[in-house]
Amino acid sequence: MTTTEIKTNDRTTAEATTVRPNPTTAAPRLNFAKAAPKAFRAVIGLDAAAREGLDPALVELVQIRASHLNRCAYCLHMHTTDARRAGESEDRLHMVAVWQEADHFFTAREQSALALTDAVTRIGDAGVPDEVYDRAAAHFTEEELAHLLALILTINTWNRIALSTAKRAGMDER
């Protein structure tokens, strides 16, 4: 990690700049599934439970959006591939990254799920605003909303595992 000092109002602060490993040249890191099989199976179990009762197309859109926000190329490649196999259109896949400006590509329910995905994934920025939560609650039953939250938490966990272990996009090990 590198830092840059910024001088403002006679105070010097350090601004952190993230330097990610180059996945094409980074040395291989641990295989999480083999090194921590119980933890890996637990995440798989949470993932499977989270999906229950949710539309598979919505599941992929949420996973794609969180992967965009987290800059996880491995998961983004995996979930766009899965979405295509499930019949998702190229137009919608391309618009997930800019869904707010291309809202006509998504239903009101999908938009509320994407907004919740943004808020939960970026929770450190502003928490989950009431209007975002209320918007999702208007489109999902309480059980569906709980599953949606679990799905968002799960994809964020997968993103962090893939990024921490320097998984390479297109190298699916499933």
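This is a predicted model: local features need pLDDT of at least 70, side-chain atom pairs count only at pLDDT 80 or more; totals for chains, interfaces and linings use all residues.

Colleague: How many salt bridges does a search of the whole structure find?

Modeller: A salt bridge is a side-chain nitrogen of Lys or Arg within 4 Å of a carboxyl oxygen of Asp or Glu. The search finds 7.

Colleague: Which side chain meets Asp 47 in a salt bridge?

Modeller: Arg 51 does, at 2.4 Å from N to O. Helices here are DSSP runs (H or I, at least four residues), as are strands (E, at least two), numbered from the N terminus. Asp 47 and Arg 51 are 4 residues apart in helix α2 (residues 37-51), so about one helical turn separates them.

Colleague: Is Asp 47 buried or exposed?

Modeller: Buried means under 20% relative accessible area, exposed means over 50%, and partly exposed lies in between (1.4 Å probe, protein chains only). Asp 47 has 10%, so it is buried. Arg 51 has 29%, so it counts as partly exposed.

Colleague: Where do Asp 82 and Arg 85 lie?

Modeller: Both lie in helix α4 (residues 73-85), 3 residues apart, about one turn of the helix. Asp 82 counts as buried at 16%. Arg 85 counts as exposed at 67%.

Colleague: What does the side chain of Arg 84 meet in a salt bridge?

Modeller: The side chain of Glu 90, at 2.5 Å from N to O. Arg 84 is partly exposed at 39%. Glu 90 is partly exposed too, at 35%.

Colleague: Which residues are linked in a network of salt bridges?

Modeller: Glu 88, Arg 92 and Glu 110.

Colleague: Now the helix residue. What does the side chain of Thr 80 reach?

Modeller: A polar contact is a pair of N or O atoms within 3.5 Å; within protein, one must be able to donate a hydrogen and the other to accept it, and residues adjacent in sequence count only if both atoms are side-chain atoms. The Thr 80 side chain reaches the backbone oxygen of His 77 at 3.2 Å. Thr 80 lies in helix α4 and is buried at 12%.

Colleague: Which residues does Thr 80 touch, not counting those up to four places away in sequence?

Modeller: Contact means heavy atoms within 4.5 Å. Thr 80 touches Ile 64 and Leu 93.

Notes. Residues are numbered from 1 along each chain as its sequence is written. Side-chain values use heavy atoms; hydrogens and water are left out.
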